[in-house]
Amino acid sequence: MSRRLLPHPLLTPILAVVWLLLSNSVAPGHILLGLILGWLIPLFTLRFWPETVRVHKPWALARFLGVVLMDIVLANMSVARRILGSPSRLQPAFIPFPLALESDLAISFLANTICLTPGTVSAQLSPDRRTLIIHALDAPDPDGVRQEIRDRYESPLKEIFEAC
Amino acid sequence: MSSWMELILSFLILTGAIFTFIGSLGLARLRDFYTRLHGPTKATTLGVGSLLVASSIYFSNQGQGISLHEILITLFLFITAPVSAHLLAKAALHQKLPRTKETRGNTDEGA
């Protein structure tokens, strides 16, 4: 019953906060409206997102977001340096990355993170969801890139969304 | 507004402008579609990010309460930018666009 009334318990507060930010006020009326929207929108979009989301370790998620934010700043510096340097000396590469993640949400989190961080864009997910092809702007050492993504992003995500 | 506040704001705005410019410069300087994708998707996140922080600080100091719209813009940007980059790369792979000869690795495993 509660699963049908409230399919995504996490989405409701998030949508309510987004509504409060949009209206830029914390008047009781807006809080109520935000909560109603946060309740109705998941009900109407249920078919797009059938999986129930479970965050097993909220603190690990917060730490992960911190790491990603730091990496975004560093990524910008390094990409800027490479654009200003000589483009003919770059060593771009397509790197297949074997995925250990299984849930849709975790995979899309990983793909998004890869797109936001140092010199890498996730290019394609294989149909069996086992491999993610990554394009790296400058990768003299593809194995190093793979290792870094595994240690920095994939294992925390596995802990957060798929802990057993 | 105090003068050191203006200093911080102008620093943020200049950083933002410089990074946004470098991102667009990447479009002209880099060699093939795949590497060009990196410039606008990344160098601009920091650029737009610092412009938004500057905007948030400025409007919060105008005496009309804290301005938090910028947080939302950042959130939407961070959600949409990677998705569009991913789709562009996927479309390029599908069309088999030419790549520079320095590019290593093949893409057959995901085909």
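**Entry 1: the strands of chain A**

I began with strand β3 of chain A, which is mostly covered, since 5 of its 6 residues are buried. I note here that the model I am reading is a predicted one.

I then asked which strands pair with β3(A), and in what sense. Strand β1 of chain A, residues 93-98, pairs with β3(A) in the antiparallel sense over 6 bridges, and β2(A) pairs with β3(A), residues 131-136, likewise in the antiparallel sense, over 5 bridges.

**Entry 2: the hairpin and strand β2(A)**

I followed the chain between β2(A) and β3(A), which form a hairpin with 5 residues between them. Within that turn, R129(A) has a positive phi of about 60 degrees.

Why do I call strand β2 of chain A largely enclosed by the rest of the structure? The strand covers residues 120-125, and because 5 of these 6 residues are buried, I take β2(A) to be largely enclosed by the rest of the structure.

**Entry 3: domains of chain A**

I checked how chain A is divided and found domain 1 at residues 2-48 and domain 2 at residues 58-162. Taken over C-alpha atoms, the centres of domain 1 and domain 2 of chain A are separated by 31 Å.

**Entry 4: the contact between chains A and B**

I turned to the contact between the chains, to which chain B gives 37 residues and chain A gives 36 residues. On the side of chain B that touches chain A, the elements giving two or more residues are α1 (3-29), α2 (33-36), α3 (38-60) and α4 (69-94) of chain B. Which of the elements supplies the largest share of this side? I found that α4(B) does, with 10 residues.

Terms used. Residues are numbered from 1 along each chain as its sequence is written. Chains are lettered from A and ligands numbered from 1 in the order in which they are written. This is a predicted model: local features need pLDDT of at least 70, side-chain atom pairs count only at pLDDT 80 or more; totals for chains, interfaces and linings use all residues. Two residues are in contact if their C-beta atoms, placed from the backbone, lie within 7 Å. Helices (H or I, at least four residues) and strands (E, at least two) are DSSP runs, numbered from the N terminus. Domain bounds come from an automatic or database domain assignment. A residue is buried if 20 or more other C-beta atoms lie within 10 Å of its own, exposed if 12 or fewer, and partly exposed in between; C-beta atoms are placed from the backbone. Two strands pair if DSSP finds at least two bridges between them.
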